[in-house]
Amino acid sequence: MSVTHPAGYDVRDLALAPEGRRRIDWAAREMPVLRLIREKFAEEKPLRGLRLVACAHVTTETANLVRTLQAGGAEALLIASNPLSTQDDVAASLVSDCGVPVYAIKGETTATYMTHVRTALDSQPSIIIDDGSDVVATLLKERRELADQIIGSTEETTTGIVRLQAMERAGMLPFPSIAVNDAQTKHFFDNRYGTGQSTLDGIVRATNILLAGRTIVVAGYGWCGKGVAMRARGMGANVVVTEINPIKAVEAVMDGFRVMPMAEAATVGDLFVTVTGNRHVIDQFHFARMKDGVIVCNSGHFDLELNLSALREMAAPPVQLRPFVEEYQLRANGRRIIVLAEGRLVNLSAAEGHPASVMDMSFANQALAVEYLVKERGRLRPGVHLLPEEVDREIAGLKLRALGITIDTLTPEQHEYLTSWETGT
Ligand SMILES: NC(=O)c1ccc[n+]([C@@H]2O[C@H](COP(=O)([O-])OP(=O)(O)OC[C@H]3O[C@@H](n4cnc5c(N)ncnc54)[C@H](O)[C@@H]3O)[C@@H](O)[C@H]2O)c1
């Protein structure tokens with residue numbers, strides 16, 4: 001049963017708050033960069049009076065981001081960016097302990113998810129923190145009149161940026177949007193090491209299978225795919241990569257992976273992971289060719305990478321074997337295909353998402369991107385923007401400091417060498 005309240009929230013159960021609070025504090029220990037930003041925000045209040053909507057996976061790390069934004073003086077409302085990724089205890093603690101209006105329940109229907117998006121827009125925000133671009137897209141489709149009061153938005157993930165760029169090309173994006181995902185201190189670490197580890201974590205928590213010796217097919221060799229392939233190999237799996245981009249495919253070959261089309265990979269894989277940001281990467285044709293008992297899952301942003309409606313038509317009604325584990329038996333050949341987490345991000349549905357120390361850098365980017373939008377208010381053109389490189393370097397520097405690692409600095413002689421064209425051999 002969910003709880004609603006006129007003051008505004010929709011969470012599973014407020015009694016879960018103490019557990020959420022403990023886990024949020026545990027994550028905070030691994031988020032030193034965000035802590036430094038929070039201290040600075042508490043002193044300077046750069047977001048004073050700002051009404052902000054955050055659409056994000058409601059996890060312990062997101063809770064620490066929201067606490068940082070509050071410390072900066074913002075009034076934040078939080079909604080889930082995915083129906084299955086909410087941690088109900090975290091949602092409860094944010095409502096009870098921090099007074100944040102949270103609209104997020106693990107397992108909410110798509111209709112409820114969209115109601116929450118609309119409720120968030122009703123709060124008349126001036127900044128949107130988005131993850132997948134559903135809030136911005138809904139604003140443009142249904143609440144266009146709100147666009148004038150928006151200072152800007154920030155976007156967490158690759159898929160959301162692809163959508164924002166499409167809006168910009170169509171001349172539809174009326175305000176600046178910061179592509180947080182494209183900061184180096186975001187995708188180098190979050191997408192690669194975060195998704196790499198947490199995707200395997202989600203698979204193992206859901207199934208408890210041994211990865212060693214299995215043939216794991218990774219669809220997509222972008223930042224996330226590289227991470228999943230690298231970590232799966234580290235666990236002793238035989239990794240096959242599928243790609244549509246010849247450069248990424250050559251990279252996968254040179255990294256030592258077998259590369260082949262999905263039509264062929266479908267016949268050899270034991271476990272399939274999609275991380276492409278594209279639709280129907282595993283389709284009817286592929287399901288029909290798979291071996292008996294294979295496991296299929298997705299770690300890309302939306303649940304459309306596996307064509308599950310085709311699978312439903314090909315199979316008897318699924319049988320739930322364990323939480324997040326459903327088995328489909330194909331009518332044509334009797335083979336069984338196991339789907340994890342209904343094709344939604346397996347790392348956030350069946351596990352806890354990325355470890356906090358990775359989200360520390362991603363959310364440092366989010367916090368500084370919001371501050372940047374406020375500082376540059378009125379000066380940024382409508383469209384997709386990168387955060388300035390100094391911000392990336394500052395975050396990496398703070399992370400190194402927190403890790404107790406120092407690095408070299410350029411000597412004046414080296415600086416001159418690197419900036420002049422006159423010195424050669
Ligand atoms: N699970 C998570 O926590 C998490 C974290 C970050 C990003 N993401 C999501 O994961 C997805 C991938 O993100 P990324 O940063 O790796 O993107 P990316 O653009 O770096 O990589 C995607 C790769 O998929 C390839 N691709 C596209 N269509 C394909 C197809 N039909 N078959 C095989 N390969 C195909 C592309 O060529 C590209 O190399 C996005 O949806 C992103 O939003 C998820």
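The shell around the ligand comprises seven nonpolar, 17 polar and three charged residues, with Ala, Val, Leu, Ile, Met, Phe, Trp, Tyr, Cys and Pro counted as nonpolar, Asp, Glu, Lys and Arg as charged, and the others, Gly among them, as polar. The model is predicted: local features need pLDDT of at least 70 and side-chain atom pairs count only at pLDDT 80 or more, while totals for chains, interfaces and linings use all residues. Residues are numbered from 1 along each chain as its sequence is written, and side-chain values use heavy atoms, with hydrogens and water left out.

The ligand is surrounded by 27 residues, the closest being Thr157, Thr158, Thr159, Glu243 and Ser299 (a residue is near if one of its heavy atoms lies within 4 Å). An oxygen atom of the ligand lies 2.8 Å from a polar backbone atom of Cys224. For Asn191, a polar side-chain atom is 2.9 Å from an oxygen atom of the ligand, and for His301 a backbone N or O atom is 3.0 Å from one. Of the 860 Å² of accessible area that the ligand has on its own, the protein covers 87% (Shrake-Rupley method, 1.4 Å probe).

Two or more residues of the shell come from each of α7 (158-169), α8 (184-207), α9 (223-234) and α14 (346-349); helices are DSSP runs of H or I, at least four residues, numbered from the N terminus. The largest share, three residues, is given by α8. This helix, α8, has 24 residues and spans 33 Å from its first C-alpha to its last, close to the 34 Å expected at 1.5 Å a residue (1.5 Å times one less than the number of residues). A kink of about 35° in α8 is centred on Thr195, the bend being the angle between axes fitted to the seven residues ending at a residue and the seven starting there. Asn208, which follows α8, has a positive phi, near 55°.

Technical notes: A polar contact is a pair of N or O atoms within 3.5 Å; within protein, one must be able to donate a hydrogen and the other to accept it, and residues adjacent in sequence count only if both atoms are side-chain atoms.
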